[in-house]
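Below is a brief report on one protein model. Look over the sequence and structure, then read on.

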Amino acid sequence: MPSGYFIIKQFVGEHTCGDASLSYSSSHSTSSFVGRLVSEDMRSDESKRPVEIMKDMKKDYGVEITYRRAWMAVKKARAHDGLLQAVKQIFPSSPHSHCLVHLKENLKKRFGGLDNSKKKYLVNLFNLSAYAPTVREFEKLLNKLKKEGGVKVAAFLDTLDNEHWCHAYFPGKRYGELSSNLVECFNNWIKKERSLPITLLFDKIRLKIMEQMSARRSASMKWKGVICPIMEKKFKGLFNVSKTWAISRSSDDLYEVWCDPSVSVNIASRSCSCGEWQINSFPCAHAFCALKRGGGGGGGGGEFE
């Protein structure tokens, strides 16, 4: 046989290097990480034992963890739930909401036996439900998700209080954000200061915010418009969306925007029946149309610039 060639004489179908990769993953599955993964399960079943957590981790993630790590995860998950209750008591006027990214990861655990395209479809449906601006649209999407997702998905959704994860029912303001990305960015921003004593930590944060505000104030002096460039660009996009719509004026501040479907806009209360203006605290395309063509309310009659 010429050099540089070889012949396979025997093929062993069993893959034997899995144990090494498994132990690597297991070593990175800290109790805090596992606790975050199982927190939703713990909320629906507070009696869950460490042995069951070990089985779930093996089944859902292919990772083996020790009994102690599972026990610590259960302990931290329960402590997390206790913290939520404490926040509710101390800050009753500050509504709490779950991170949509983490919820989607928990939802995926219910997809056993489904192909990838079906999984992506259901996750997208869950995402659309969360961002739905009205109760009617939310309920329609949620019912569809429960029907197509099956019993396990429906059971998972039933453990979630609607006011804690979707726009339609959330009682506070999230300005279109449904993940904890901003919190994680802030946490990373103060990474060097986090180990300081609490009073010094607050003072360092105060100084960082003060410096940031000063830098942004200087940057804003270079703006050519009255709002920041990102929002100005968004306004231009709204104009393109709404340029074919017509409006009817009911009063100084109330308009009907003729689109598909037609909606009502109240300039005085800064609201639109589509729900987007209230959620984002920024005019939706319908509101922009009413402002632009109706003169901005108050009986002005001029163009909104």
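## Surface and overall make-up

The accessible surface of the protein comes to about 20,200 Å². Carbon and sulfur atoms account for 56% of that area. The model is predicted. The protein has 305 residues, and 32% of them are buried.

Its secondary structure consists of 13 helices and four strands. Take the contacts between residues at least 6 apart in sequence: 54% of these join residues at least 24 apart.

## Confidence

The average pLDDT of the protein is 82. A score of at least 70 is reached by 79% of the residues.

One is residues 15-28, where the model has ten contacts beyond four places in sequence. Another is residues 297-305, with pLDDT below 50 and 22 contacts beyond near neighbours in sequence.

## Nonpolar cores

Which residues touch the most other members of the largest nonpolar core? They are Phe 126, Phe 138, Leu 145, Leu 157 and Trp 165, in a core of 22 residues. Four helices each supply at least two residues of this core: H5 (100-108), H6 (116-131), H7 (135-149) and H8 (151-158). H6 gives the most, with five residues.

Leu 157 shows some of the packing. Leaving aside neighbours within four places in sequence, Leu 157 contacts Phe 126, Leu 142, Leu 145 and Lys 146.

## A closer look at Ser 271

Ser 271 is found in strand E4, which covers residues 271-272. Is Ser 271 buried or exposed? Its relative accessibility is 18%. Buried means under 20%. Ser 271 therefore counts as buried.

What does Ser 271 touch, not counting residues up to four places away in sequence? The list is Ser 264, Val 265, Asn 266, Trp 277 and Gln 278. Within its own stretch of chain, the side chain of Ser 271 makes a polar contact with the side chain of Ser 269, at 2.7 Å.

Technical notes. Residues are numbered from 1 along each chain as its sequence is written. This is a predicted model: local features need pLDDT of at least 70, side-chain atom pairs count only at pLDDT 80 or more; totals for chains, interfaces and linings use all residues. Side-chain values use heavy atoms; hydrogens and water are left out. Buried means under 20% relative accessible area, exposed over 50%, partly exposed in between (1.4 Å probe, protein chains only). Contact means heavy atoms within 4.5 Å. Accessible areas come from the Shrake-Rupley method with a 1.4 Å probe; for residues, only the protein chains shown count as cover. A nonpolar core is a set of buried Ala, Val, Leu, Ile, Met, Phe, Trp, Tyr and Cys residues joined through side-chain atoms within 4.5 Å. pLDDT is the predictor's confidence in each residue, from 0 to 100. A polar contact is a pair of N or O atoms within 3.5 Å; within protein, one must be able to donate a hydrogen and the other to accept it, and residues adjacent in sequence count only if both atoms are side-chain atoms.
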